[in-house]
Amino acid sequence: MRKTEIAKYIDQIGSVTVVDLSDRFHVSVETIRRDLKSLETLGKVIRVHGGAVSINERDIGESFADRSKSKVNEKRLLVEQALKYISEDQFIGLDASSSSWELAKIIPNINCTIVTNSLDIISVLKSKFNINVISTGGRFSEKYGAFSGKIAMSTLENMSLDLSFISCVGFDYNGSVWDSNEFNCQIKQSFIGISEKVILIADKTKLGKRSLLKICDSSEVDSIISDTDNIEAENN
């Protein structure tokens, strides 16, 4: 009965945290996590970091085709700053963002390994013969031009990367980093979890914005490359 009510509640409000559910249904956080795991298995909800979202909220993000045409000049200026982090023999993660796509275009043809869930990034890198490209595999989304899901995350869980580049829908320097859908959010979280260093690339229009899903706290990102004040923020 409780699990049915939890599923109905999540459908009504779209997304919720395990803490909120724990308070609402007067059970422990551990019990809520078990309930959400069971509901996800039944296809009733989608579990995300710290909570769950309604299955009806799963695909509200902007398509890659649209994102790739937005703020192009700003993104190109930002990714030029990212090149200083890249050197030979590194293992590098690139998410399926348009910023990572722009970065892939200008990455020099050096000996390194790039792991990505983006088909567009793979296409960009195919002519750079010194770069070893690894795809996560998984469920393919034509809308995002990317792979996601349990297979993709399982692939990443068995890796260790020197650094990863990610982008977002919104961020605060001393707050959180946000995304709009679980397809992209879960993969970004996986990249964060396996990377020694994480670089966030985000233009000034994203500062102070929130969205449906929290990717991480800003403190979990080592550097933020943005044009908000023409300087780069470093987390020590």
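This is a predicted model: local features need pLDDT of at least 70, side-chain atom pairs count only at pLDDT 80 or more; totals for chains, interfaces and linings use all residues.
## Overall make-up

The protein chain contains nine helices and 15 strands, and buried residues account for 50% of its 236 residues. Of the contacts between residues at least 6 apart in sequence, 63% join residues at least 24 apart. The accessible surface amounts to about 11300 Å², with 48% of that area belonging to carbon and sulfur atoms.

## The sheet around strand 13

Three strands form an open sheet in the order 10-11-13, and their pairing is antiparallel. Strand 10 (170–171) and strand 13 stand at the edges with a single partner strand each, so one side of each has no neighbour in the sheet. Helix 9 (residues 182–194) lies across strand 11 and strand 13, and it runs at about 15 degrees to strand 13.

D217 also takes part in a salt bridge, in which its side chain meets that of K214 at 2.5 Å, N to O. D217 counts as partly exposed at 29% relative accessibility, and K214 is likewise partly exposed, with a relative accessible area of 29%.

K204 is found in the loop between strand 12 (195–201) and strand 13 (213–217). Its relative accessible area of 52% makes K204 exposed, because the term applies to values over 50%. Apart from neighbours within four places in sequence, K204 is in contact with S226, D227 and T228. The C-alpha atoms of K204 and F171 are separated by 9.5 Å, although these residues are 33 apart along the chain.

In one of them, the side chains of R2 and D35 meet at 2.7 Å, N to O; R2 lies in helix 1 (residues 2–13) and D35 in helix 3 (residues 29–41), so the pair ties together parts that are 33 residues apart in sequence. R2 is partly exposed, with a relative accessible area of 32%, whereas D35 is buried at 6%.

A salt bridge also joins E102 to R76, with their closest N and O atoms 3.3 Å apart. Since E102 belongs to helix 6 (residues 98–106) and R76 to helix 5 (residues 72–82), this pair ties together parts 26 residues apart in sequence. E102 is buried, with a relative accessible area of 4%, while R76 is partly exposed at 40%. R76, E102 and K105 are linked in a network of salt bridges.

How values were computed:
Residues are numbered from 1 along each chain as its sequence is written. Side-chain values use heavy atoms; hydrogens and water are left out. Helices (H or I, at least four residues) and strands (E, at least two) are DSSP runs, numbered from the N terminus. Buried means under 20% relative accessible area, exposed over 50%, partly exposed in between (1.4 Å probe, protein chains only). Contact means heavy atoms within 4.5 Å. Accessible areas come from the Shrake-Rupley method with a 1.4 Å probe; for residues, only the protein chains shown count as cover. Two strands pair if DSSP finds at least two bridges between them. Axes are lines fitted to C-alpha atoms, for helices over the stretch in contact, and angles run from 0 to 180 degrees between N-to-C directions. A salt bridge is a side-chain nitrogen of Lys or Arg within 4 Å of a carboxyl oxygen of Asp or Glu.
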